[in-house]
2 protein chains.
Amino acid sequence: MLAGDRVALARIISKIERRNLETQSLVELLYPHTGKAQIWGITGPPGAGKSTLVDRMIFNLRAQGSAVAVVAIDPSSPFSGGAILGDRIRMQQHAGDAGVYIRSLGTRGHHGGLSHSTKEVVFALDAAKFDVILVETAGVGQTELEILKLAHSVVVALVPESGDSIQVMKAGLMEIADVFVVNKSDRPEADKLVRELTQMVGLGAHDASTWMIPVCKTEAVKDVGIDPLVKEIQKHQNYLISSGKRKEKEKSFLKEELLDILTEELLRSLDLALKTQSGNEVLMQLQEKKMSPYEAARLIAGK
Amino acid sequence: MLAGDRVALARIISKIERRNLETQSLVELLYPHTGKAQIWGITGPPGAGKSTLVDRMIFNLRAQGSAVAVVAIDPSSPFSGGAILGDRIRMQQHAGDAGVYIRSLGTRGHHGGLSHSTKEVVFALDAAKFDVILVETAGVGQTELEILKLAHSVVVALVPESGDSIQVMKAGLMEIADVFVVNKSDRPEADKLVRELTQMVGLGAHDASTWMIPVCKTEAVKDVGIDPLVKEIQKHQNYLISSGKRKEKEKSFLKEELLDILTEELLRSLDLALKTQSGNEVLMQLQEKKMSPYEAARLIAGK
């Protein structure tokens with residue numbers, strides 16, 4: 001995989017997704033080779049045209065000579081399914097280009113959300129020497145908060161129709177976005193949304209040393225505005241390095257990774273404990289209200 | 001609170017949401033008084049009319065003499081915000097009726113999703129002697145999977161417009177729903193959706209001892225179809241008791257509660273460990289790739 005074998009990469013990613021002891025030894029081997037890639041997150045409401053944006057960005061980055069990997073997070077909601085299928089179609093556009101790799105990750109059933117597998121898949125892509133790793137998530141539920149735990153730069157994609165709901169989500173968006181992009185900018189109300197966002201950004205506290213969130217306009221289907229967008233994200237990446245913030249972010253990502261590892265282990269050992277006779281007795285006493293959940297937890301943890 | 005004081009209840013719920021040591025001692029006191037309420041979950045895509053449905057169900061249950069509490073989960077997505085405001089308006093309809101209690105819970109920032117606080121708030125409402133606790137969640141991200149961890153009966157609300165997307169979400173919906181409801185059933189395509197759902201339900205394996213998911217039709221704004229819907233949910237509750245499945249469900253809810261308690265404690269102790277000098281050194285070595293995350297986790301956990 002380190003030598004550029006894409007079949008090996010695909011196999012390793014599948015093993016990481018499997019979450020067993022092999023996952024652990026793979027990550028231990030991979031980890032020393034990580035740390036070079038830029039990780040860009042793209043989020044936004046369903047219908048903002050994120051997939052098309054990502055496709056255009058791939059072409060732009062390829063023209064610059066960068067190797068690009070895409071991780072598309074499928075929130076696997078029964079109300080939003082279907083991402084995986086779309087991905088196969090997307091991959092075909094870049095078929096035969098070894099400098100592009102696209103992978104969908106399902107999140108269903110993972111306790112604690114998407115972050116753990118995704119983070120370790122990003123380790124693998126980083127070790128496989130991709131220059132830019134694009135992590136694309138649908139902005140539903142809390143997945144768009146998860147992206148803060150692994151992306152260096154977060155792009156929030158909106159469409160003119162999002163305008164009405166901007167009022168209620170201002171605080172949340174400012175917290176997430178490093179770059180705003182108004183896609184489908186040929187539509188009416190696009191300029192209004194751009195103005196609102198620009199105003200909102202201007203209200204935030206800032207001086208020469210803080211990052212001023214840019215507001216970009218794109219028409220991804222027509223390949224309009226992609227180059228300026230990519231340049232803004234690259235500026236943000238440079239800002240992170242020159243300000244020392246990249247190191248800070250990496251530190252907080254690593255804390256999250258530790259937490260995820262420990263939580264996963266906890267889950268495994270709790271499962272084991274509940275299968276023993278004494279674990280089962282604790283559960284019965286709990287069910288009969290002879291013990292509170294906190295007492296039971298203390299007993300099971302052996303404290 | 002046990003004597004019916006609603007101000008005390010509100011205060012206790014706020015304390016449970018605060019997630020500190022007091023939360024723990026409150027839950028220990030409350031827990032022996034729980035286990036009587038029926039917990040109904042309502043989920044569905046945004047725009048399915050869940051709030052109106054819940055309001056009508058409250059009136060129906062009140063007419064039967066049941067005390068009803070509603071927990072509305074606000075997924076706090078920056079792309080979907082605004083639930084709390086709506087709730088204040090809803091509460092006014094039932095103002096002065098001590099047999100109704102409505103509370104919104106925000107989920108933002110809770111590692112591991114909404115389940116922990118919600119579950120313990122449900123303990124409080126159960127101890128406060130509400131007969132039915134309705135937990136309403138927007139079906140975005142994974143929140144609709146979380147509801148399986150705390151509701152005895154899950155109602156999935158859909159609208160005729162959902163029809164097109166049914167194909168991709170079949171498996172997921174069948175896994176969640178105990179009762180389907182097609183709301184806004186005066187709209188065109190409503191009957192088609194009812195037919196599709198009925199067919200889908202019929203395809204599932206079933207015999208006399210399994211629950212056959214009913215498909216109800218409602219026009220909540222006109223109060224049409226609410227009584228049959230409530231009756232179907234009550235039938236499901238009876239089925240859970242007669243089949244012994246209520247006890248099974250409660251057991252799995254308790255396992256989740258244990259996991260949540262232990263995860264919360266883990267998070268707290270990891271935070272503490274990383275603040276010590278040795279914790280900080282581990283983090284630095286990790287950042288310099290001199291140690292893998294799994295090694296670091298083992299060191300921090302003292303193993």
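At what angle do helix α1 and helix α2 of chain B pack, and how far apart are their axes? The model is predicted, and the values below are computed from it.

## Helix pair in chain B

Two packed helices are described by the angle between their axes and the distance between the axes. For helix α1 (residues 6-18) and helix α2 (residues 21-30) of chain B, the angle is about 125° and the axes are 7 Å apart. The crossing of the two helices is left-handed.

On the α1(B) side, the contact involves B:Ile12, B:Lys15, B:Ile16 and B:Arg18; these meet B:Glu22, B:Thr23 and B:Leu26 in α2(B). By residue type, the contact of α1(B) with α2(B) divides into three nonpolar, one polar and three charged residues.

## Strand β1 of chain B

Strand β1 of chain B spans residues 38-43 and is mostly covered, with six of its six residues buried. Burial applies to both faces: B:Gln38, B:Trp40 and B:Ile42 point one way from β1(B), while B:Ile39, B:Gly41 and B:Thr43 point the other way, and all are buried.

The strand has parallel partners in chain B. Five bridges join β1(B) to β4 (residues 132-137), and the two strands run parallel. In this pairing, B:Ile39 stands opposite B:Ile133. Four bridges join β1(B) to β5 (residues 153-158), again in a parallel arrangement. Here B:Thr43 of the strand stands opposite B:Val156 in β5(B).

## Positive phi values in chain A

Most residues other than glycine have a negative phi. Which value does phi take at A:Glu189? Phi of A:Glu189 is near 80°, a positive value in a residue other than glycine. A:Glu189 lies in the loop between β6 (179-182) and α8 (190-203) of chain A. With 16 other C-beta atoms within 10 Å, A:Glu189 is partly exposed.

A:Lys289 also has a positive phi, of about 60°, although it is not a glycine. The residue A:Lys289 sits in the loop between α11 (277-287) and α12 (293-300) of chain A. Is A:Lys289 buried or exposed? A:Lys289 has 12 other C-beta atoms within 10 Å and is therefore exposed, since the cut-off for exposed is 12 or fewer.

Definitions and conventions: Residues numbered from 1 in each chain as written. Chains lettered and ligands numbered in written order. Predicted model: local features only at pLDDT ≥ 70, side-chain atom pairs only at ≥ 80, totals over all residues. Axes fitted to C-alpha atoms, helices over the stretch in contact; angles between N-to-C directions. Left-handed = near helix turned anticlockwise from the far one by under 90°. Contact = placed C-beta atoms within 7 Å. Nonpolar A, V, L, I, M, F, W, Y, C, P; charged D, E, K, R; others polar. Buried ≥ 20, exposed ≤ 12 C-beta atoms within 10 Å, placed from the backbone. Pairing = 2+ DSSP bridges.
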